[in-house]
Amino acid sequence: MAAVQRLLRAVAPGGSAAAAVRRRMTSLAPEQAPSSAAGFPFAAEQRARRPVAAERNVQWVFLGCPGVGKGTYASRLSRLLGVPHIATGDLVRDELASTGPLATQLAEIVNQGKLVSDEIIINLLSKRLKKGEDQGESGFILDGFPRTVKQAEILDGVTDIDMVVNLKLREDVIVEKCLGRRICGQCGKNFNLACIDVKGENGLPPIYMAPLLPPNNCMSKLITRADDTEEVVRNRLQIYNDMSQPVEGFYREQGKLLEFDLPGGIPESWPKLLQVLNLEDQDELRLAAA
């Protein structure tokens, strides 16, 4: 954990959050690219063009089981640090909506309910990173990738990862949270009807999550996702847990894994996550002082 501890040292006064974190990247030396990435298009080019850590913004990965809120916290941090939030699910959806060479192949895979191969995911991710670099982007936060050790090894061959934030939440809370999810069939916004108020017991802390209620004009148009049933949710969690443990171990051995237990909803968790990362949300500070 030495590298992560160096990364999380105090933010120097007078600088931006992104600049302060970037200064700490100098202590994280790039590792030699694993040979498992050598056969993937764009990988060699990405390796050759890697900037040293001191010259770029953070390159983080967010892990966590389905429904834990990876996208929510990753997108908030991306805005705070001025780096892109890249979710591989969005990359697949964007490619499906395009006329690119992979669109037809992806459509067949998705329609048959199969998993998208490592090669396709890495190709999409490599193209996205190259596009961002060409447009002057620096750094990124990856959301929900890698999911297997093989993917993690390939990712190491494509780019350098500075830190992996693993969001954790009790399974009973995640199940209740997923069962409360709703989507407005008209505007497409996401809401959650669950009011989670779990008492602390057996050494576990209490957790409170307020519902995210829709406005009156959306209330009658709410839709429940077909896969948000308790059986499906628990099955997804079991599959994820089986797959994620080796990935967590992979990054733990590299000294890059930071595990964060969510203490509640966004109002409770966001300030504590910032504290762990030694960051400040200037917008929230201004609102608090107003």
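Modeller: What follows is a short talk about salt bridges and about one lysine without such a partner. This is a predicted model, in which local features need pLDDT of at least 70 and side-chain atom pairs count only at pLDDT 80 or more, while totals for chains, interfaces and linings use all residues. Residues are numbered from 1 along each chain as its sequence is written, and side-chain values use heavy atoms, with hydrogens and water left out.

Colleague: How many salt bridges does the structure hold?

Modeller: There are 12 salt bridges, a salt bridge being a side-chain nitrogen of Lys or Arg within 4 Å of a carboxyl oxygen of Asp or Glu.

Colleague: Which partners does Arg 234 have?

Modeller: Arg 234 forms a salt bridge with Glu 171, where the closest N and O atoms are 2.9 Å apart. Arg 234 lies in helix α11 (residues 230-253) and Glu 171 in helix α9 (residues 171-179), so this pair ties together parts that are 63 residues apart in sequence. Helices here are DSSP runs of H or I with at least four residues, numbered from the N terminus. Arg 234 also forms a salt bridge with Glu 230, at 3.0 Å between the closest N and O atoms, and these two residues are 4 residues apart in helix α11, about one helical turn.

Colleague: Which residues are linked in a network of salt bridges?

Modeller: Arg 181, Arg 225, Asp 228 and Arg 236 are linked in that way.

Colleague: Changing topic, what about Lys 70?

Modeller: Lys 70, which is placed in helix α4 (residues 70-81), is buried yet has no salt bridge, and the nearest side chain of opposite charge, that of Asp 143, is 4.8 Å away. For charge, Lys and Arg count as positive and Asp and Glu as negative, while His and the chain ends are not counted.

Colleague: What does the side chain of Lys 70 reach, then?

Modeller: The side chain of Lys 70 reaches the backbone oxygen of Cys 65 at 3.5 Å. Leaving out residues up to four places away in sequence, Lys 70 touches several residues, among them Phe 62, Gly 144 and Leu 167, where contact means heavy atoms within 4.5 Å.

Note on methods:
Buried means under 20% relative accessible area, exposed over 50%, partly exposed in between (1.4 Å probe, protein chains only). A polar contact is a pair of N or O atoms within 3.5 Å; within protein, one must be able to donate a hydrogen and the other to accept it, and residues adjacent in sequence count only if both atoms are side-chain atoms.
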